[in-house]
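Subject: Structure handover

Hello,

I am passing on the structure we talked about.

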Amino acid sequence: MENRPLGYDYTVAKMFMLTTIVLGIVGMLIGVILAFELAFPSINTILGSGLAEYTNFSRLRPLHTDAVIFGFTISGVFATWYYVGQRVLKVNMAESPLLMFLGKLQFWLYVVTVAAVVVSLLAGVTTSKEYAEFEWPIDLAIVVVWVLFGVNMFGLIGMRREKSLYISVWYYIATFLGIAMLYLFNNMEVPTMLATSAAGETGIGSWYHSVSMYAGTNDALVQWWYGHNAVAFGFTVPIVAMIYYFLPKESGQAIYSYKLSLLSFWGLMFVYLWAGGHHLLFSTVPDWMQTMGSIFSIVLILPSWGSAINMLLTMKGEWQQVAASPLIKFMVLGSTFYMFSTLEGPIQAIKSVNAIAHFTDWIVGHVHDGVLGWVGFMIMAALYHMAPRVFKREIYSKSLMASQFWIQTLGVVLYFTSMWIAGITQGMMWRAHDEFGNLAYSFIDTVTVLHPYYAIRGVGGLLYLIGFLMFAYNIYKTMTAGKPLEKEPANASPMGA
Amino acid sequence: MNIADLQAYGYFAITVFMTVSLYAYIYHLYKNKKDADGHDYEEYSNMALHDDIGDTPVNPISKDDKK
Amino acid sequence: MFHWLEKNPFFFAVGVFVTIAFAGLIEIVPNFAEASRPVIGTTPYSTLELAGRNVYIKNSCNACHSQLIRPFKSETDRYGHYSLSGEYAFDRPFLWGSKRTGPDLHRVGNYRTTDWHENHMKDPAAVVPGSIMPKYTWMYTNLADIDTAFAEQLTVNQFFAVPYNKPVPMKDGSTTVVKMGGSVAEANALALAEAKEIVKDMKDQDVKDAVASGKIPEIVALIAYMNSLK
């Protein structure tokens, strides 16, 4: 046998674990503030009217979505890649000093970019395209971070000792390629400083301002092809990558069916990209595209459920583990929420349902049962599983983890139930006519009626945030005060009381 | 024939092709059970379970297929 | 057969890329030429309107307001004629939004006035009791960025042939010309002239004074933009 290093090097994984937690707190905290601003508008000026510009709903909203997508989730993807990638390929990242350097470079550049994003969004520098709000200088920085990620990924793959790529690696590769393609095409823009006036002046106005390469309907089409698939390749594909590794590893059970995972992978890759059109039903894009978006959204249930069922069946005969381990609870509830939101999404994509659901809070509810229930739970579970192996200490507290699980589950349930009711109520009120054929409600009637649901949603979000803070505390204590471990646990992660 | 017609025919052809290939692939996977290297597909699950740096790879990279 | 891909990362990546790129090619590319033609009567934005549009974007108004009227009776009753693709031909970026926390604004210029917006942006709940919209008081003091709006006009004119200083056909058969300045100073003068028309209908003395002294607060630009949405 050739010379092998003694272990894996988790330096870069640890760095990204830190940003996952910090940016998770930031993103969720802003989310809770936003939720309460809708319920109690006076919170918009909570820091006084002088700072109202920076605390009001509309300025903070992109910061919330971007902090959660590009901060919390993408950090989680990086952290787990630098952990899972080494292990399933059986290479130590430190075997290549170049890759170690590029990994650290990627981290620091990422941190700088995040800081630039926070400052620019607070200042109102935005392109307005959802989840692609950044202006061109930041876009360029993001491209560099992403390329470094790709170089690291393919670098590790090139050094591998295991010839076949494990399922998770397929999904990580798809994440890399998918986001690269989508991000580049959606952010095609022309910096306005390139323009020259008739008088010969150049570099007029803000240097960072730009205009989109696409106009109107085309811009919408490209944006929602991106927007929908940013969800696909940020919130689904890499999270599936995580669960394919962490659930079998934590439970000690082999995947129920490797063949099914092959099918659902290629199925998901093929189908997902078509479904973007469902964001534009009844808009001015051609009918056939809308129908296509609708149909493919329904077809999408198949590959999504393929993965989810594969996960649940992996636990076949081992359900006592779900009762015994809060870590497994997170993952099993996560895949259940995945099944649930991949059924809910297609239902909302049916034209007649969409007529009521579009533009309402039901969509917000749908996003959050997926993101809180599936993405959030899975990333936290992954970090919990990694902590004992990375820090070589027992998880600090099992009971804390169990209480966190129930608090957050309650939070998610409050969140999506209130948003369903709010969305359907509002959708029905907008279209209600009285006996003479006049609109039954003025717009403001449909806003004031939502107050209780907005308040409940705020409470739900707050519970989830509290749970996340418990998670952060638990990981911190694991790092500093957990019982040191002699050797790496094979499966179930050891937990203190 | 305009672009929309072409799209429609192309669409139909591709749908039929994709459906046939999908089912053929499923049939192939479950009939053969093993891949070209003679490994049962289900063995690959062990890549996650036995992932210690000292564990033997399911399908080690040999010297001659370095690329 | 297929498992060969999982052992060859390069071809695997190529396979994934082809599979995911396919949908975009078929769905997006064919539409490009057709959708970008403006309908008759759609004019490019003036400098001040564009500066106002940038204020709208800066404050993410599109987070809560859509600009897309769907073809349902309930929507055409409430907001006016349903939206047409060509009406957005000069919208870079598009501002359809994805959530209606507040009402649609695609034709707000038909039924709201300068005076209404002035009061409403200052204190929405005073104009619409029960409104949960925040106050946008800083727009009355921050100045609109006319230079950048001008640079944007030049860019779309030079790169995308948006017709400035050229006759544009209108619905009644006549033509109209949207002027764009030849220099920064000229652009500012055009914007100021337009701003002066708008402040005639406004009451806020500070805003009136600012415009009289040659400065354009954000609110004036925003109202110019709102009024152009018809």
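Predicted model: local features only at pLDDT ≥ 70, side-chain atom pairs only at ≥ 80, totals over all residues.

Chain C

Chain C has 230 residues, of which 45% are buried. Its secondary structure consists of 10 helices and 2 strands. In sequence order the pattern is α-α-α-α-α-α-α-β-β-α-α-α. The C-alpha trace of chain C extends about 75 × 45 × 35 Å along its principal axes. If one takes the contacts in chain C between residues at least 6 apart in sequence, 72% of them connect residues at least 24 apart.

Chain C against chain A

Contacts between these two chains involve 72 residues of chain C and 79 residues of chain A. On the chain C side, the elements that each supply at least two residues are H1, helix H2 (32-35), helix H3 (47-58), helix H4 (73-79) and helix H7 (146-160). H1(C) has the largest share of that side, with 12 residues. Sorted by class, the side of chain C that touches chain A holds 37 nonpolar, 20 polar and 15 charged residues.

Chain A against chain B

Here 24 residues of chain A are in contact with 19 residues of chain B. Helix H3 (57-89), helix H7 (216-251) and H8 of chain A are the elements that give two or more residues to the chain A side. H8(A) gives the most, with 4 residues. The side of chain A that touches chain B is made up of 11 nonpolar, 4 polar and 9 charged residues.

Helix H9 of chain A

Helix H9 of chain A runs over residues 287-299, 13 residues in total. The buried residues in H9(A) are A:Met289, A:Gln290, A:Met292, A:Gly293, A:Phe296 and A:Ser297. Viewed down the helix axis, the buried residues of H9(A) fall within an arc of 160°, and therefore they line one face of the helix.

What do the buried residues of H9(A) pack against? Within chain A, their partners are helix H8 (258-272) and helix H12 (326-349). Helix H1 (9-28) of chain C is also packed against by these residues.

Regards

Note on methods: Residues numbered from 1 in each chain as written. Chains lettered and ligands numbered in written order. Expected span 1.5 Å × (residues − 1). Buried ≥ 20, exposed ≤ 12 C-beta atoms within 10 Å, placed from the backbone. Arc of directions from axis to C-beta. Contact = placed C-beta atoms within 7 Å. Nonpolar A, V, L, I, M, F, W, Y, C, P; charged D, E, K, R; others polar.
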